[in-house]
Amino acid sequence: MNITYKNKKIEKICTDAKTAERSYGRQMAERIHLRVDQIEAADTVEMMIQFHIGRCHPLSQDRKGQYAVDLVHPYRLIFEKKDGDVQIANIVEIVDYH
(Lines give C-alpha, C1' and ligand atoms only; values in the text may rest on other atoms or scores of the structure.)
Protein backbone atom coordinates (compact mmCIF):
# COMPACT_ATOMS: atom_id res chain seq x y z
CA MET A 1 0.00 0.00 0.00
CA ASN A 2 0.99 3.58 -0.39
CA ILE A 3 1.18 5.67 2.77
CA THR A 4 0.12 9.25 3.44
CA TYR A 5 0.17 11.13 6.73
CA LYS A 6 -2.35 13.35 8.51
CA ASN A 7 0.28 16.02 9.20
CA LYS A 8 4.02 16.76 9.00
CA LYS A 9 4.60 15.86 12.67
CA ILE A 10 3.32 12.29 12.32
CA GLU A 11 5.13 11.94 8.99
CA LYS A 12 8.45 12.94 10.59
CA ILE A 13 7.95 10.44 13.45
CA CYS A 14 7.09 7.65 11.00
CA THR A 15 9.92 8.36 8.56
CA ASP A 16 12.78 9.60 10.76
CA ALA A 17 14.16 7.16 13.35
CA LYS A 18 15.87 9.86 15.46
CA THR A 19 12.68 11.91 15.74
CA ALA A 20 10.67 8.83 16.70
CA GLU A 21 13.25 7.83 19.32
CA ARG A 22 13.30 11.34 20.82
CA SER A 23 9.51 11.39 21.00
CA TYR A 24 8.81 7.83 22.19
CA GLY A 25 12.05 6.01 23.11
CA ARG A 26 14.06 3.37 21.25
CA GLN A 27 11.72 0.37 21.61
CA MET A 28 8.68 2.32 20.51
CA ALA A 29 10.59 3.93 17.59
CA GLU A 30 11.64 0.50 16.33
CA ARG A 31 8.06 -0.78 16.53
CA ILE A 32 6.67 2.30 14.75
CA HIS A 33 9.05 1.84 11.84
CA LEU A 34 8.38 -1.91 11.71
CA ARG A 35 4.62 -1.29 11.47
CA VAL A 36 5.01 1.41 8.80
CA ASP A 37 7.15 -1.02 6.76
CA GLN A 38 4.52 -3.76 7.20
CA ILE A 39 1.71 -1.46 6.07
CA GLU A 40 3.75 -0.41 3.04
CA ALA A 41 4.52 -4.05 2.13
CA ALA A 42 0.91 -5.23 2.39
CA ASP A 43 -1.33 -5.10 -0.68
CA THR A 44 -4.52 -4.33 1.27
CA VAL A 45 -5.77 -3.70 4.79
CA GLU A 46 -7.89 -6.82 4.48
CA MET A 47 -4.71 -8.85 3.89
CA MET A 48 -3.21 -7.39 7.08
CA ILE A 49 -6.30 -8.37 9.05
CA GLN A 50 -6.46 -11.87 7.53
CA PHE A 51 -2.82 -12.67 8.32
CA HIS A 52 -2.83 -10.83 11.69
CA ILE A 53 0.00 -8.54 10.62
CA GLY A 54 0.69 -6.27 13.60
CA ARG A 55 -2.63 -7.45 15.09
CA CYS A 56 -4.35 -5.15 12.61
CA HIS A 57 -8.00 -4.67 13.47
CA PRO A 58 -10.86 -2.33 12.54
CA LEU A 59 -12.06 0.14 15.16
CA SER A 60 -15.65 0.97 16.01
CA GLN A 61 -17.94 3.65 17.42
CA ASP A 62 -16.37 7.12 17.10
CA ARG A 63 -13.35 5.60 15.30
CA LYS A 64 -15.39 3.72 12.68
CA GLY A 65 -13.49 3.54 9.40
CA GLN A 66 -10.12 3.52 11.15
CA TYR A 67 -7.74 0.61 11.75
CA ALA A 68 -5.14 0.00 14.44
CA VAL A 69 -1.90 -1.97 14.67
CA ASP A 70 -0.13 -2.73 17.93
CA LEU A 71 2.94 -0.85 19.05
CA VAL A 72 4.36 -1.09 22.58
CA HIS A 73 1.40 -1.71 24.91
CA PRO A 74 -0.89 0.23 25.26
CA TYR A 75 -0.07 2.35 22.19
CA ARG A 76 -1.52 1.83 18.72
CA LEU A 77 -0.75 3.25 15.29
CA ILE A 78 -4.07 4.44 13.83
CA PHE A 79 -4.72 4.72 10.09
CA GLU A 80 -7.56 5.04 7.61
CA LYS A 81 -7.74 3.36 4.23
CA LYS A 82 -8.55 5.12 1.01
CA ASP A 83 -9.66 2.88 -1.84
CA GLY A 84 -8.62 3.35 -5.42
CA ASP A 85 -6.50 1.46 -7.94
CA VAL A 86 -4.03 1.01 -5.09
CA GLN A 87 -5.18 1.22 -1.48
CA ILE A 88 -3.67 4.12 0.45
CA ALA A 89 -3.14 4.02 4.20
CA ASN A 90 -3.44 7.48 5.74
CA ILE A 91 -1.64 7.36 9.10
CA VAL A 92 -3.60 9.48 11.55
CA GLU A 93 -1.96 9.20 14.98
CA ILE A 94 -0.09 7.20 17.60
CA VAL A 95 -2.27 6.97 20.67
CA ASP A 96 -3.42 4.99 23.72
CA TYR A 97 -7.18 5.01 23.10
CA HIS A 98 -8.03 2.59 25.91
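What pattern does the protein follow, read along the sequence? I get β-α-α-α-α-β-β-β-β, which is four helices and five strands. I took helices (H or I, at least four residues) and strands (E, at least two) as DSSP runs, numbered from the N terminus.

Ground rules before going on. This is a predicted model, where local features need pLDDT of at least 70 and side-chain atom pairs count only at pLDDT 80 or more, while totals for chains, interfaces and linings use all residues. Residues are numbered from 1 along each chain as its sequence is written, and side-chain values use heavy atoms, with hydrogens and water left out.

**Overall shape**

Next I checked burial: 40% of the 98 residues count as buried. Buried means under 20% relative accessible area, exposed over 50%, and partly exposed in between, with a 1.4 Å probe and protein chains only. The accessible surface (Shrake-Rupley method, 1.4 Å probe, and for residues only the protein chains shown count as cover) comes to about 6000 Å². Carbon and sulfur atoms hold 47% of that surface.

For contacts I used heavy atoms within 4.5 Å. Among contacts between residues at least 6 apart in sequence, 40% join residues at least 24 apart.

Charges: I find 15 positive and 15 negative side chains, with Lys and Arg as positive, Asp and Glu as negative, and His and the chain ends not counted. The centres of the two sets lie 5 Å apart, placing each charge at NZ of Lys, CZ of Arg, CG of Asp or CD of Glu.

**The cores**

Which residues have the most contacts inside the largest nonpolar core? I noted Leu77, Phe79 and Ile91, in a core of 24 residues. A nonpolar core here is a set of buried Ala, Val, Leu, Ile, Met, Phe, Trp, Tyr and Cys residues joined through side-chain atoms within 4.5 Å. The elements giving two or more residues to this core are S1 (2–5), H1 (8–15), H3 (26–41), H4 (45–50), S3 (66–70), S4 (76–82) and S5 (88–95). H3 gives the most, with five residues.

There is also a second, separate core of five residues, including Leu59, Ile78, Val92 and Val95.

I then clicked on Phe79. Not counting residues up to four places away in sequence, its partners include Ile39, Val45, Cys56, Tyr67, Val69 and Ile91.

**Buried residues I followed up**

Ile3 is in strand S1 and counts as buried at 18% relative accessibility. Leaving aside neighbours within four places in sequence, Ile3 is in contact with Val36, Ile39, Glu40, Ala89 and Ile91. Ile3 and Gln87 are 84 residues apart in sequence, but 8.8 Å apart C-alpha to C-alpha.

Ala42, in the loop between H3 and H4, is buried with a relative accessible area of 1%. Setting aside neighbours within four places, Ala42 is in contact with Met1, Met47 and Met48.

Thr19 is in helix H2 (residues 17–24) and is buried, at 11%. Beyond four places in sequence, Thr19 touches Lys12 and Ile13.

Most residues other than glycine have a negative phi, and most peptide bonds are trans. I went looking for exceptions.

Where is His52, buried or exposed? His52 sits in the loop between H4 and strand S2 (57–58) and is exposed, with a relative accessible area of 61%. His52 has a positive phi of about 55° although it is not a glycine.

Gln61 also has a positive phi, near 55°. Gln61 is in the loop between S2 and S3 and is exposed at 71%.

Last entry: the peptide bond from His73 to Pro74 is cis, with omega near 10°. Pro74 belongs to the loop between S3 and S4.
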